[in-house]
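Please consult the sequence and the model shown below while reading.

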Amino acid sequence: MIEVLEVKTKQQQKEFLEFPLRLYRGNPYFVPPLYSDEKKIFRKDYVYYDVCDAVYFNAYKNGKIAGRISGILQKAGNEKRGEKRIRFTRFDAINDKKVAKALFDAVENWGRSLGMDTICGPLGFSDLEREGLLVEGFHEYSTFCEQYNADYYGNLIESLGYEKEVDWLEYKVYPPENDDGSLEKLADFVMKRYNLHFGTADTKEEFLDKYQKQFFELIDVAYDGLYGTVPFTDGMKKMLIDNFKLIIDLKLIAVLLDENEKMVSLGLCFPSIAKAVQKSYGHLTPAALARVLKSIKKPRVLEMGLIAVAPKYVNRGITSVVASELMKMLRADGVEYAESNLTLEENHAIQNQWKRFKVIQHKRRRAYVKKL
């Protein structure tokens, strides 16, 4: 017997949060989010609820939890694009089509009750959250920024009438084996041609004070037309800055300014804390926190967070400057490689930059869509 219940009680919330931790216990590729961050989705003052509605469901098979799913009405995203969509996210389940169907039926019926005509996902409240279903790379180590899922998820979702809407590619990026210095020369040429210079700061606090306003302005305009993006709210900005403060490293940031001190491009990497939180299943225990701090201080793997270029400077070689700075980051002592995280498969401008590096395209993620 399969029963789907909307998550209401504290016990149901706990089951929702802990189900993937149980499902993937012992899986060497699964990396959980921070448990304390995930718990916030059940707070009435959660940062996204000023522009979103959400619902959460657990599925039980013979009285035992067998899956979970969440539905999101991203009102700002719908308004931006003139759509009537809901998103599904946080789908996890055992390999049972009946369980999956019961979960998706619950979310789809919720969407219809709100007058929506389309469902898509996996997409979170914004593109700051984990998104996309892993469809290639099941034996690759997950990053902290993105979700791992078993290989049967795609078959379950597609069997319910969902079709591909977009794919993202992910790469392992290494410095080139033979660096002839051409990238650095090109970067210098571009800098001089457009009279650009790097923004500087001595501390995290100084960096945020000088650049956070322009940072969000640039991201909003540079990412405006990309799939699934939504405008930043004040709450989202504060949350992102608070998260940055923990893991940001000024050596892993490249901010490019024009002669008027206006930001025209940025590139941002983070020290990967994936392995640091894996052992504790996302709980920041004292031991886990010590591992996190060690990973930040001396990273072995970098995760690419953001690359953005102001529209005025697109196709003018600016990405070569960011790529040149990434090259320097990859050559830092102890760094083995960088994870690109998600790049839309049609984003050829970014993909062309990797031609100067040694790269392995090792993962693919997919967003699905279905008419309600």
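Which residues have the most contacts inside the largest nonpolar core? They are Phe91, Phe215 and Leu266, in a core of 96 residues. The coordinates are those of a predicted model, and the chain comprises 12 helices and 14 strands. The points below are grouped by topic.

**Overall form**

- The radius of gyration is 21 Å, in agreement with the value near 21 Å that a compact globule of 372 residues would have.
- Along the principal axes, the C-alpha atoms occupy a box of roughly 65 × 45 × 35 Å.
- Burial applies to 55% of the 372 residues.
- Of the contacts between residues at least 6 apart in sequence, 79% link residues at least 24 apart.

**Nonpolar interior**

- In soluble globular proteins, nonpolar side chains tend to be buried together.
- The largest nonpolar core has 96 residues, with Leu266 among those making the most contacts inside it.
- Beyond its neighbours within four places in sequence, Leu266 touches Phe215, Leu218, Ile219, Ala254, Val255, Leu306, Ile307, Ala308 and Val322.
- Another core, of 18 residues, lies apart from the largest one; its members include Leu169, Val173, Met327 and Trp354.

**Salt bridges**

- The model contains 34 salt bridges.
- Asp167 and Arg366 are paired through their side chains, with an N to O distance of 2.7 Å.
- Because Asp167 belongs to strand E7 (residues 163-174) and Arg366 to strand E14 (residues 358-371), this pair ties together parts of the chain that are 199 residues apart in sequence.
- Both partners are buried: Asp167 has a relative accessible area of 0%, and Arg366 has one of 18%, which is under the 20% limit for burial.
- Lys251 and Asp249 form a further salt bridge, in which the closest N and O atoms are 3.4 Å apart.
- Through shared partners, salt bridges join Glu136, Glu158, Lys164, Asp167, Glu345, Arg364 and Arg366 into one network.
- Asp37 is bridged to Lys40, with 3.5 Å between the closest N and O atoms.
- In this pair Asp37 is partly exposed, with a relative accessibility of 27%, and Lys40 is likewise partly exposed, at 34%.

**Surface**

- The accessible surface of the chain amounts to about 17600 Å², and carbon and sulfur atoms account for 51% of that area.
- A nonpolar patch on the surface is formed by Leu284, Leu289 and Leu293, which together have about 250 Å² of accessible area.
- Leu293, one of the patch residues, is located in helix H10 (residues 286-297).

Key:
Residues are numbered from 1 along each chain as its sequence is written. This is a predicted model: local features need pLDDT of at least 70, side-chain atom pairs count only at pLDDT 80 or more; totals for chains, interfaces and linings use all residues. Side-chain values use heavy atoms; hydrogens and water are left out. A salt bridge is a side-chain nitrogen of Lys or Arg within 4 Å of a carboxyl oxygen of Asp or Glu. Buried means under 20% relative accessible area, exposed over 50%, partly exposed in between (1.4 Å probe, protein chains only). Helices (H or I, at least four residues) and strands (E, at least two) are DSSP runs, numbered from the N terminus. A nonpolar core is a set of buried Ala, Val, Leu, Ile, Met, Phe, Trp, Tyr and Cys residues joined through side-chain atoms within 4.5 Å. Contact means heavy atoms within 4.5 Å. The radius of gyration is taken over C-alpha atoms; the globule rule is 2.2 Å times the number of residues to the power 0.38. Accessible areas come from the Shrake-Rupley method with a 1.4 Å probe; for residues, only the protein chains shown count as cover. Patches are made of residues with over 30% relative accessible area and no salt bridge: like charges are joined within 9 Å, nonpolar side chains (Val, Leu, Ile, Met, Phe, Trp, Tyr) within 5 Å.
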